[in-house]
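Subject: Structure handover

Hi,

Here is the structure I promised. Please open it alongside this email; my notes follow below.

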Amino acid sequence: MVDVSKWPLFMLLGSQEVASVRQACVFGSSANEAIYVTHSNEVYVFGLNCSNCLGTGDSQSTIVPRKVACLTGKKVASFSYGSGPHVLLATEEGELFAWGHNGYSQLGNGTANQAVSPVLVSANLLTKKVTDVACGSHHSMARTSEGEVFAWGYNNCGQVGSGTSTNQPTPRRVSNCLQNKTVVGIACGQTSSMAVVDNGEVYAWGYNGNGQLGLGTNVNQLTPCRLTALQGLCVLQIACGYAHTLALTDEGLLYAWGANTYGQLGTGTKSNQLSPVQIMAKKERIVEIAACHSTHTSSAKTQSGQVYMWGQCRGQSVLLPHLTHFSCTDDVFACFATPSVMWRLLTMENDDFLTVAESLKKEFDSPETSDLKFVVNGKYIYVHKAVLKIRCEHFRSMFQSHWNEDMKEVIEIDQFSYPVYHSFLEFLYTDNVTLPPEDAIGLLDLATSYCENRLKRLCQHIIKRGITVENALSLLSAAVKYDAQVSLMAHLNTSVTCQQVL
């Protein structure tokens, strides 16, 4: 679960206010503005209010959250911000609201006047359902439910994709080679734009001085161009940094290109790349990538939940993906990005991209999804037959059709204590044991009875590490009883001898 209090701004909120947060985003040139949506779909903002980006109806800064009344009851589907900053917000009903800086018509309302409150963007979108939004420095993009892309705002480098470099005051459909394509993902760098279509092709347009379009040149593009270097690959996700781009394929492969001044490509050098290069090739499958147009930081999460970061990390240039202790890519941006903005709208209800291991851990002892209960010392433990059969030979045999247990929904266990049996079942879901050495004795007994050799070794390791003068004798007795390995016996004998000498 993401902890919003890792962002300094949210430390201004009390515990009850934090608990009410369902969605949140920290944004702004110095990460000094924040917006959040409560579980009752009320929208609050607080912070510096640069360029009226809080949408409160005035230009006053506030450290106390203020409600944006016109958005009350609106379920937020997508949120993005520019460098002004200007803000885009799409609702689940498909409406698009914008406010904040508007010097280049990036709000799409046909003017260049700042909006102190959210305005409904309707030009050319009145009959469309907007599902996704993205902001560059001073330009905007929206994707519709039909897979169309609209763009508007600053267009000095062709980032609107209109075929000219004239600013676009209202949303205009990006056509050309996207005309008959269904776009499933959009992203913006500072002055560049990217789109992924449903067959995995990637298209890019706008500024290309650092090779961030991935076309093999550094020439700007006024209309979308397909990245031929990715031909044969099916791209699922695109993420844009300030002037670099990351792409994730359906096979979990990661490609990077563009600016590399801070090592944000993860190639081990600071040389720009005009075409996509594969990185983290020797790592396990990647399931998520993260970058943000206001930073030079990159991050990725693997299938097992490992989180890597590289690029500009608190002033340092990290040239190769560095394994962190974080559980999500969002934490990388909270703790190491400059500024410490959020790279996406966070949702507190569900942790996106849960790995298989994380999903199993989450469902252990869950009454909602279980199909079997163990009763131990009068307490229930909720499990899933399929998981037990996959993970343990004892249960695979037990749940054969000719065994009585296969037909039961409740099974009583009387030969082991609740802490021991709970820990054993939890081990089958997580591969971890968190018992003290005294309780590990009973788990060692269970592991021996069920012929779980790996668990046996783990218990023996716990006991060896937890040996003290006070418990050595009792642990030795247990080791003898449960036929522990020779090395464990030697450790325990040594400890008992020391006890006797003392």
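Tyr 450 is buried, because its relative accessible area is 9% and the cut-off for burial is under 20%. Bear in mind that this is a predicted model. Tyr 421 is buried too, at 0% relative accessibility.

These two tyrosines form an aromatic pair. The geometry is edge-to-face: 6.5 Å centre to centre, with 85° between the planes. The pair links distant parts of the chain, 29 residues apart. Tyr 421 is in helix H6 (residues 418-430). Tyr 450 is in the loop between helix H7 (437-449) and helix H8 (453-465).

Both residues also belong to one aromatic cluster, together with Phe 374, Phe 395, Phe 399, Phe 416 and Phe 424. Across the whole structure, the search finds 20 aromatic pairs.

Two lysines sit over tyrosine rings. Lys 373 lies over the face of Tyr 380, at 4.5 Å from the ring centre. Lys 379 lies over the face of Tyr 418, at 4.8 Å from the ring centre.

Now the sheet. It is open, has 4 strands and runs in the order S9-S10-S11-S12, with antiparallel pairing. Strands S9 (130-135) and S12 (168-173) are at the edges. Each has a single partner strand, so one side of each lacks a neighbour in the sheet. The twist averages 15° from one strand to the next.

S9 and strand S10 (residues 139-144) run antiparallel and are joined by 5 bridges. Val 130 has Thr 144 in S10 as its bridge partner.

Best wishes

Methods:
Residues are numbered from 1 along each chain as its sequence is written. This is a predicted model: local features need pLDDT of at least 70, side-chain atom pairs count only at pLDDT 80 or more; totals for chains, interfaces and linings use all residues. Side-chain values use heavy atoms; hydrogens and water are left out. Rings of Phe, Tyr and Trp (its six-membered ring) pair if their centres lie within 6.5 Å; planes under 30 degrees apart count as stacked, over 60 as edge-to-face and the rest as tilted. Helices (H or I, at least four residues) and strands (E, at least two) are DSSP runs, numbered from the N terminus. Buried means under 20% relative accessible area, exposed over 50%, partly exposed in between (1.4 Å probe, protein chains only). A charge sits over a ring if NZ of Lys or CZ of Arg is within 6 Å of the ring centre and within 35 degrees of the ring normal. Two strands pair if DSSP finds at least two bridges between them. Axes are lines fitted to C-alpha atoms, for helices over the stretch in contact, and angles run from 0 to 180 degrees between N-to-C directions.
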